[in-house]
Amino acid sequence: MGQLKWSRWLSAHAPQRPTWVCPRCQREWPCPPARLQLRARAGNRIALAVQMANYLYLAIGDLTISDLDLNPEDLYDRFVGWTRYRPD
Ligand SMILES: [Zn+2]
């Protein structure tokens, strides 16, 4: 995949704020393609976890404002929990 195509693909699965729904998949972000992309870019699990904790922090602010019925434990699993496991 060429550089330009690759970056377009990445941005297609970027989180939409403040809803944190993927504009491409219409699934909760990070969707499976976003997870693959994030894992590949981070390089290692520690860096990935730190990055996702950062997203979690942003998402909590946004989602609290948008007044959805959210469970902090579910949000943690969605943003950070999955980074502990290897993809295969
Ligand atoms: Zn997506």
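## Glutamate 28 and its loop

In this predicted model, glutamate 28 sits in the loop that runs between helix 1 (3–12) and helix 2 (32–42). With a relative accessibility of 52%, glutamate 28 counts as exposed, because the cut-off for that class is over 50%. Leaving aside neighbours within four places in sequence, the contacts of glutamate 28 are Trp20 and Arg78. Glutamine 16 lies twelve residues from glutamate 28 in sequence, and their C-alpha atoms are 9.8 Å apart in space.

## The zinc site

The zinc ion has as its protein donors His13 through ND1 and Cys22, Cys25 and Cys31 through SG, at 2.1 to 2.2 Å. The spacing of these donor residues along the sequence is H-x8-C-x2-C-x5-C. The angles among the four donor atoms run from 104 to 116 degrees, and the site is tetrahedral; the ideal angle for four tetrahedral donors is 109.5 degrees.

## Aromatic pairs around tryptophan 20

Five aromatic pairs are found in a search of the whole structure. One of them joins tryptophan 20 and tryptophan 29 in a tilted arrangement, 5.7 Å centre to centre and with 55 degrees between the planes. Tryptophan 20 is buried at a relative accessible area of 0%, and tryptophan 29 is buried at 1%.

Tryptophan 20 also pairs with tyrosine 55, and because their planes stand at 70 degrees, with ring centres 6.1 Å apart, this pair is edge-to-face. It links distant parts of the chain, since tryptophan 20 belongs to the loop between helix 1 and helix 2 whereas tyrosine 55, 35 residues away, belongs to helix 3 (residues 45–65). Trp20, Trp29 and Tyr55 form one aromatic cluster together with Phe79.

Technical notes: Residues numbered from 1 in each chain as written. Predicted model: local features only at pLDDT ≥ 70, side-chain atom pairs only at ≥ 80, totals over all residues. Heavy atoms only, no water. Donors = N, O, S within 2.8 Å, 3.2 Å for Na, K, Ca; no water. Tetrahedral: all angles 85-135°; square planar, octahedral: opposite > 155°, others 65-115°. Helix = DSSP H or I, 4+ residues; strand = E, 2+ residues; numbered from the N terminus. Buried < 20%, exposed > 50% of the residue type's maximum accessible area, 1.4 Å probe, protein only. Contact = heavy atoms within 4.5 Å. Phe/Tyr/Trp six-rings, centres within 6.5 Å; stacked < 30°, edge-to-face > 60°.
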